[in-house]
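Subject: Structure handover

Hello,

Here is the structure I promised to pass on. Please open it beside this note and follow along.

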Amino acid sequence: MSSEATLSPPGPVQRALDLVASVTIGTAATALLGLVVVQGWQVFARYVINDSPSWTEPVTLLLLATAMALGAAAGVHTNRHFGFYLLHDHVKPGVRRAIDVLIPLVIASLGAVIAYWSAILLADGLDIKAAGANLPQSINYLPLCLGGALMVLFSLNRLVLALGAPRQEGAH
């Protein structure tokens with residue numbers, strides 16, 4: 001019998017988080033595609049029609065921040081973020097469980113700091129117009145704020161899953 005056969009189906013909260021993560025990944029992918037289109041237009045306009053638009057740089061920075069922040073948050077949900085997996089796999093089960101609880105707490109803390117300070121920076125520059133585009137100067141902090149908040153949400157879910165995981169045999 002495989003371990004997949006013994007897993008219970010995900011509950012409504014997990015399904016909702018999976019949906020949020022899917023939308024997050026879709027938004028990050030769309031931002032990457034938009035980045036390619038905007039930069040393609042920038043190159044074409046500059047070198048072919050010799051009329052470089054001023055709006056491409058601020059829009060590119062916004063799309064880049066969106067792809068990066070939301071991609072990082074989705075990586076927390078899918079547990080595909082940076083980690084010391086070799087260390088984790090070669091320690092006693094009790095230490096492994098402690099690591100499984102500590103990591104989401106660290107990620108949630110970092111996500112909260114990112115969300116908080118980027119929200120402050122976003123609010124601070126909303127009344128200043130960005131050079132070259134009809135956008136607030138601080139708009140690039142919006143995806144960082146959302147990404148940080150999603151990191152908190154997804155890492156707290158990881159924490160709940162780690163705390164609810166059955167202890168392995170031989171755990172101390």
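First, the ground rules. This is a predicted model, in which local features need pLDDT of at least 70, side-chain atom pairs count only at pLDDT 80 or more, and totals for chains, interfaces and linings use all residues. Residues are numbered from 1 along each chain as its sequence is written, and side-chain values use heavy atoms, with hydrogens and water left out.

**Helix α2**

Start with α2, which covers 12-47. Helices here are DSSP runs of H or I with at least four residues, strands are E runs of at least two, and both are numbered from the N terminus. α2 has 36 residues. From first C-alpha to last it reaches 52 Å, close to the 52 Å expected at 1.5 Å a residue. That expected span is 1.5 Å times one less than the number of residues.

Burial goes by relative accessible area: buried is under 20%, exposed is over 50%, and partly exposed is in between (1.4 Å probe, protein chains only). The buried residues of α2 include Gln14, Ala31, Gln42 and Ala45. Its buried residues pack against α3 and α6.

Thr24 counts as buried because its relative accessible area is 5%. Contact means heavy atoms within 4.5 Å. Leaving aside neighbours within four places in sequence, Thr24 is in contact with Leu70, Ala74, Leu150 and Phe154.

**The cores**

A nonpolar core is a set of buried Ala, Val, Leu, Ile, Met, Phe, Trp, Tyr and Cys residues joined through side-chain atoms within 4.5 Å. The largest one has 10 residues: Leu17, Ala21, Ala28, Leu70, Ala73, Val76, Ile107, Leu150, Met151 and Phe154. Two or more of these residues come from each of α2, α3 (56-77) and α6 (141-164). A second, separate core has 5 residues, among them Ala31, Leu35, Val38 and Ala67.

Leu17 belongs to the largest core. Not counting residues up to four places away in sequence, Leu17 touches His77, Leu153, Phe154 and Asn157.

**The surface**

Trp41, Val43, Phe44, Tyr47, Val48, Ile49 and Trp55 make a nonpolar surface patch of about 720 Å². Two of its members, in turn:

- Tyr47 is in helix α2. It counts as exposed because its relative accessibility is 63%.
- Phe44 is also found in helix α2. It counts as partly exposed, at 37% relative accessibility. Phe44 and Asn157 are 113 residues apart in sequence and 45 Å apart in space, C-alpha to C-alpha.

Val36 is another residue of helix α2. With a relative accessible area of 58%, Val36 is exposed. Val36 and Leu63 are 27 residues apart in sequence and 9.7 Å apart in space, C-alpha to C-alpha.

Most residues other than glycine have a negative phi. Which phi does Asn50 have? It is positive, at about 55°, although Asn50 is not a glycine. Asn50 is in the loop between α2 and α3. It is exposed, with a relative accessible area of 68%.

Asn79 also has a positive phi, near 60°. You will find Asn79 in the loop between α3 and α4 (85-89). Asn79 is partly exposed, with a relative accessible area of 36%.

Best wishes

Terms used:
Patch = residues over 30% accessible without salt bridge, like charges linked within 9 Å, V, L, I, M, F, W, Y side chains within 5 Å. Areas by Shrake-Rupley, 256 points an atom, 1.4 Å probe, with all protein chains shown as cover. Salt bridge = Lys/Arg side-chain N within 4 Å of Asp/Glu carboxyl O.
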